[in-house]
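Reader: Could you walk me through how the labels on this model were assigned? I'd like to see values set against cut-offs.

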Amino acid sequence: MSFPEIRPRRLRQSSAVRNLVRETSLEARQLVLPMFVREGISEAVPISSMPGVSQHSLDSLRRAAVDAAEAGVGGVMLFGVPAVRDAIGSGADDPDGILNVATTALYEEVGDALVVQTDLCLDEFTDHGHCGVVRPSTGSGAEPEIDNDATLERYVAMALAQARAGSHLLGLSGMMDGQVAAIRRGLDAEGFTGTLLLGYAAKYASAFYGPFREAVDSQLQGDRRTYQLDPGNRREGVREALIDEAEGADIVMVKPAMGFLDVLREVRDAVHIPVWAYQISGEYAMIEAASANGWIDRRAAVMESLLSIRRAGADAILTYWATEAAGWLRPR
């Protein structure tokens, strides 16, 4: 008896079937909203290169955080924009500095509804725009050198200030060697054993950070290639994530997201702790610009981009669309 040839086929699926068999899902709780708070302003100031995103005053920050909580967003990540900067970023660990004041304000406003998170890096607070304490360059035209050990001391002071202000989770974004271990020791010694650490383990020296520079009024001259990862290095990103896990990170980060989905997948497979990804300012700006010109469907592109990051392995995503996307995900 002969049988007809059996060929694999893909059946046309109804929306109900598609939902039932979907391999990857996206939920509002998996989204984290990055927010900028600027010292000395009384109302929100739009960021021209990031349509729909603003530098917040304390009042507008509170309102935006409440909106995020009501939408079901999982957390907010705060970045401070101080009025005065200096060589060592003194405002970073000042209890009255803008980031720490804003942290307390949000902890009191929405701390029971979502995770209040803070960026732990000196770049927003230094007059040279680098992520650490710099020492004079040794050669003509050479880039400034980062003093790793001196920077770790500043990071520990900053961590303690943020924990005292009420931050649930510290985002260690400076890419200094040993930062996770140093900060964990410093926090534990002062009794902040429950403060979580997000290690920006695989943070690449990307061209897509441009709009962020405007958002934080960056003073950077030059680049950060001496301490951020080379975009050509996949294995190095995985190795850095394993190091951060070993040093005591509770979560590790891959940043940027969309250009490094291969790294994200490998990091997810390598570590035993949650892995997050940051959909950065340039990724946001590209989709906004293309949709503003009518070249793509904005909502569909936003949701597809987020789903691709989840599919690659991210347990949560930092995205400037967090509140809006959470609204789209809400059951109707």
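This is a predicted model: local features need pLDDT of at least 70, side-chain atom pairs count only at pLDDT 80 or more; totals for chains, interfaces and linings use all residues.

Reader: Why is F208 called partly exposed?

Author: F208 has a relative accessibility of 40%. Buried means under 20% relative accessible area and exposed over 50%, with partly exposed in between (1.4 Å probe, protein chains only). So F208 counts as partly exposed. F208 sits in the loop between β9 (196-203) and α6 (210-215); helices (H or I, at least four residues) and strands (E, at least two) are DSSP runs, numbered from the N terminus.

Reader: What makes the F36 and F79 pair tilted?

Author: Rings of Phe, Tyr and Trp (its six-membered ring) pair if their centres lie within 6.5 Å; planes under 30 degrees apart count as stacked, over 60 as edge-to-face and the rest as tilted. The ring centres of F36 and F79 are 5.5 Å apart and their planes are at 35°, so the pair is tilted. F36 lies in strand β1 and F79 in strand β4, so the pair ties together parts that are 43 residues apart in sequence. Both F36 and F79 are buried.

Reader: What about Y278 and Y320?

Author: That aromatic pair is tilted too, at 6.1 Å centre to centre and 50° between the planes. Y278 is in strand β11 (residues 275-278) and Y320 is in the loop between β12 (316-318) and α11 (322-329), 42 residues apart.

Reader: And how do you know whether Y278 is buried or exposed?

Author: Y278 counts as buried because its relative accessibility is 1%. Y320 is buried as well, with a relative accessible area of 8%. F36, F79, Y278, Y284, Y320 and W321 form one aromatic cluster.

Reader: How do you know that β1 and β4 pair?

Author: Two strands pair if DSSP finds at least two bridges between them. Seven bridges join strand β1 (residues 31-38) to β4, and the two run parallel. F79 of β4 is the bridge partner of F36.

Reader: What makes β4 mostly covered?

Author: Seven of the seven residues of strand β4 (residues 75-81) are buried. G75, M77, F79 and V81 point one way, while V76, L78 and G80 point the other way.

Key:
Residues are numbered from 1 along each chain as its sequence is written. Side-chain values use heavy atoms; hydrogens and water are left out.
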